[in-house]
Structure formats: C-alpha cells, structure tokens
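Hi,

Here is the structure I promised to pass on. Have a look at it first, then read my notes below.

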Amino acid sequence: MRPFTRLVWKEARELLRPRYILPILMLPVLFIAMGQGFSGIEDQLGDEPQVGVLAYDDNEYADVVQETLEARADVVYNGTDGSPERALNRTTEAGGSAVVVIPDNFTERIRDDQRGRVRLYTRVESVSIVGIASSTQVESLVSEAGRNLTVAITGATETELDPIERSHTTYVKGERMDASPGAVSAAFTSQFVFVPVIIMFAIVFSGQMVMNSMASEKENKTLETLLSMPVKRRQIVAAKLLGGSFIGLIATALYTGGLAFAQLGVGASFGGSAVTLGGTDYALIAVSLFFSLVGTLALALALGVFADSQQGAQMLLLPLSGLAIVPMFATMFTDIDTLGLGVKTALLVIPFTHPIIAPKRLLFDDVGIVLVGIGYEVLFAVGAVWLVIRLFDSDRPITGDAGWLDRLVGFVQR
Amino acid sequence: MSAPAVEVSGLQKRYGDVQALDGVSFEVRRDEIFGLVGPNGAGKTTTLRTLATLLDRDGGSVTVAGNDVDEAPAAVRKAIRYLPEEAGSYDAMTGRQFLAFVADFYDGDSDAMVDRGVEVADLGERIDDKTKEYSKGMGRKLLLGSALMTDPELAILDEPTSGLDVQNARTVRGVIKEFPNAERSVLLSSHNMLEVEFLCDRVGLLNEGEIVVEGTPEELKAEFDAQNLEDVFVEVVQ
C-alpha cells in the first residue's frame, strides 16, 4: 500500500471507531424515528374518530345529529338512557374517548328558535398532541352536524351555505406561490426549524471527529512517531482531512437525505410545487455543505494541534460550535436579509451561515447568491487548509505553543 | 569515508524564558552506541527531538547522516527511527498491522521489514492482537521492533527498556547491542546507568543545557576515579 493511501486508511479506520461513528449514525436515526412518530400521529388523526352517542331525544333533529356522527365517525357506543359517565366508560372500553350527549329537549329548542344544546364528555389520558387533537376531531363532527341541521331546517343548498370559493396566490419577496400565506409560512417554518439544526449537527460532529483524531494522536503518544517518519507533513494533513472528509461526506449524505425527506413531506402536505426544492438545489446545498465541512475540518485540525487530550479538544470545539449555532438561531428566528448591514455582514462572514441559508435562498431561486456563498466557502477552506499546513510544518504540534493564543486556550480549557 | 551519524555543534533551544539547550555539541560515530545521559530537565529529550526533526532549533548546527535537519528534513527522516520515551501505537490496529503501517513509509521490502519487526518484538501469537490489549511492556517491545526493523542509519532510542521486566529488558539490550555496524549507529538516552555502561561505546553527560563531560565509560570512570557511571553522574551533577 502506498504511504499516503496507508495514512488515509489509518485515519478512516481511526474515525470509524464506534466512539466517533455512533453519534453520526444515531442522529439521522433519531430524526427518522421522530418523523415516524409524527407520521404515526398524523395517521392516527387521519382515521375515523371513535365516539359514543347518548341520545335522550329521539326526535327529528336529534336524528340528524346521530346520522351525521354515524356517517363521519365510528360510533362505538349508542345509548338512550343511563348516565353520561356510564356512557363514557363504555365508549372508552370500546376504544373511543368522547361521548356526544343529546338532551331530551334538543329538537324542541330548535323548533322554538333557540339553539339546540349538546354536551361533549371527553376522557384525556395524556396531555399530548393526540389527546388534544382527538377532541378537536369530535368538535368538527359536531360542527358538521350543525351544518346538516341548517340544511334540514332551512332547506338551503351547499352553494347557499358556502357561496364564496377561495383560491390563493401569495407573493413572497416577489416570488409567486399558489398557496395560502398560512401554507407558505408553515412550509418555510418547518424548514427553518429543522434544516439549520441538521446542518449545525453535521458541522459540529465533523469538526469534533477530526479534532478528536488529533487529540488521540497526542493521548496515545503516536504523534511523535508519525511526524518523525519520512512522510511530508502536508501529506499527514491531507490524509487527516481526506479521512475526515470521507466520514464528513457520509454525514453530509445522511443529513442531505434527511433534508430531502423533510422537503418531500412539506411538498406533499401543502401540495405547493412553488415551495419545494429541485434536484439541482439539493446538489448545490450538498456542495455548499461539503466545502463548509472541509473548512471546518481544517480549522478543527488547526485547533486540535493545541489540544493535549480529548477533553481539551471538546473545550476547543466550543468556539467552532458557537460559530455554527449563531447562524442557526439567526435563520430560525429572523430573516437575515431583514437584518442591519453590520449584523448581516457579521453573519455572512461566518462560513457556516451559507449552507444554512442556502435552502431558503434556493426556494426563491437566488442561485447566484448561493454560488457566491460557495465561492466564499472555498476561499475559507483554502485559507484554513493553508493555516493547518503551516502549523504542521512548525514544531507547534509537539510543543503545543500557540504564542498569545496559548494564554487564551489555557483560559478556555480551564 | 561516510559522514558521522550525528554532528551537533552549538545547539541552542529556548522555550519562552527557559534556555533548554545552551550550546550542546557532540558527535555520534558510525558503528557505535552513544549514550546521552543527564538529570531530569537537562535537555536530553529536546536534543533527541531536534535530531528527529520534531523541534526547530534557535541556534547551532545539527546534521544526521550528513543531512542538515532543517535543510533536508526528509533525508534525515529516511535515515533515522525515533523511539520516544512515551510512545504508543494505534488502538484500532493489531501489532502486525502497526508494523506494516510503519514499514510502508520506508524503502525496501515491506514484508521483510515486518518479519524483522515481528522477530524483534518477540510477541508470539499476540502480534495479531489489537495493540490496545497490550501491556506496557508488550507495547514497548512492539515499538522497538518497529524502530529497528527498517534498518535505520541512526536509531534514536529514548529510555528503550522503560516499562520492561528484567528478562525482557535483557533481551532488548541484547538486540540493541547487536544493532550497530559500519552503516548503523544508536543514540540512546537512559536513566539506568548500568544499562548505559553495558551498552554504550561513548557517553555524553548533559547538564543544564550543555554537554559537560564526554568519553568512553572507562575514560569517564578513570577521570573521576569512580567505580561506575552512576558515581560519575553523581559527581558531575553535584
């Protein structure tokens, strides 16, 4: 095996140890599990609700309510006497959680031009999305019954009941989207909440891996042996970056896949092709993330030179994590374009901002801006690689001497 | 006639306010074992690291096998093997894989080097176990095997028998004793004066950043009218 290949093999092998690879694998699995969980809740809410009916009134309008419930829900209990509590118990035993009680004067009140009254008895075992949303389902059933009653009482047609048909065209920053503002907002929000988090994790994990790899060279006392062998220092750096990038690419693929999965979900939910990304967009996001990772790895390696242990590396990772977290929160809670010039410039100087804002830019077809961002990331990556090669060409990996930075690092590690 | 294995002249190194080396000068000839001894903090490891191209120097000249350590570090690295006092191997590799990893960086038949390394390490079947399962002594023997298997012109050994039991230390000393020839030399640092006296053809005593005495063990004992090197050491350092 050629020396450089052997070095890359060694790096990949070291980084593929469980302590490094498990966190990378666990996170997408966690996201998928969360996605499956929410999907399960959606499925559950999509099913016919199971309800009970306790009708003390057997006249015509009470019948309309009962017919509506039987048509739109799975009526698991149907009673005409007994207490509501007993009806609720029976309903719960049959798998339902709510009982609609129709009092004996229901029809009579409507005939007297008064509002008919029903009472809902609901059993909530857990204060969760499912628990709260299931009662909303029963509420909508009662609204449906009210609508049917209106038709029965007045003889009105569907058109008379809802005479206005609405369709939406929303312009966001000049971009036309055939969806309601609510749907557009929901689609964007889901991306702004999850995408920056995913990208932030990719950046932080990759940085951590390379920094740990450097720290473990020192901890395992292998660095002096490695550096005294006939191999160019830049080859050692390149091997560490290539080995780290290999793992970083796996992370990028996993996280980009997760992003595509989330995007498809949003598109399906709102049916708006205008608020989804295409294949080229995903490729650009992947390129942006890749160069961001290369810069991160080089910077992490440079920082790792000054870490004397894995614990020290964790501490040195903090500033790097901070640089990833700042644009994440900025994107989640604000629109960078609306910020002042100073803050906006400060955020755009952080290389990690660019992959984080890339999906949003691409949604508005701002491909040029994304390409400029990628150009900046390439420059940053080249600068970071140059820095780490300079460090490895000096005796700093052995002495750990960081000059004036040494005092700062010492302060951070304390 | 080929250049000496090592020529050090006026070597200086400073760490912040500390002058670690203050004009160290010595020579290691071909076919000899040179012992660098001295109290803790005398500058032994700094000297060895400079020879191994790991540290930059602040002054003086250092050549290894005729190559300046700053101007031709690649040639120096080809000529040497450095065994630091505190060294380790990669946890994810077996002993044999570690030897193969090291052998790939040197010219020659990698398989033959690995075979030689296995022989010197003398770990039996444990050579195919992960190195993280090795005891300290086993790890040291593996590293010594990896250091000598490449046939370096200069083997720089810092405390080579550190962590070894009596029997293994004796075996290792035998291997080191047999190593020098017309093309090969050893620069050795040790706190064990009996070991130094047994192994070394010449000794340089480093104290407070400079070589204070130098000669064969017999010459030094005669000069200081001492029974052994340990007495010489105590006499000089006091």
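Start with Arg6(A) and Asp104(B): their side chains form a salt bridge, with N and O 2.6 Å apart. Keep in mind that this is a predicted model. The rule finds four salt bridges across the interface of chain A and chain B, along with 13 residue pairs in polar contact.

Which parts of chain A supply at least two residues each to the side that touches chain B? Those are helix H1 (3–15), helix H9 (223–227) and helix H16 (396–399). H1(A) gives the most, with seven residues. Sorted by class, that side of chain A has 10 nonpolar, six polar and 11 charged residues.

Now for the interface as a whole. The size of an interface is often given as the accessible area lost when the parts come together. Here, chain A and chain B bury about 2700 Å² between them, and 57% of that is on carbon and sulfur atoms. In terms of contacts, 27 residues of chain A meet 31 residues of chain B.

Two backbone spots also deserve a look. Most residues other than glycine have a negative phi. Asp113(A), though, has a positive phi, near 60°. You'll find Asp113(A) in the loop between helix H5 (106–111) and strand E4 (119–122) of chain A. Is Asp113(A) buried or exposed? Exposed, because its relative accessible area is 73% and the cut-off is over 50%.

Asp31(B) also has a positive phi, near 65°, and sits in the loop between strand E2 (18–28) and strand E3 (33–37) of chain B. At 43% relative accessibility, Asp31(B) counts as partly exposed.

Cheers

Technical notes
Residues numbered from 1 in each chain as written. Chains lettered and ligands numbered in written order. Predicted model: local features only at pLDDT ≥ 70, side-chain atom pairs only at ≥ 80, totals over all residues. Heavy atoms only, no water. Helix = DSSP H or I, 4+ residues; strand = E, 2+ residues; numbered from the N terminus. Buried < 20%, exposed > 50% of the residue type's maximum accessible area, 1.4 Å probe, protein only. Contact = heavy atoms within 4.5 Å. Buried area = accessible area lost by both parts, 1.4 Å probe. Polar contact = N/O pair within 3.5 Å; in protein donor to acceptor, adjacent residues only side chain to side chain. Nonpolar A, V, L, I, M, F, W, Y, C, P; charged D, E, K, R; others polar.
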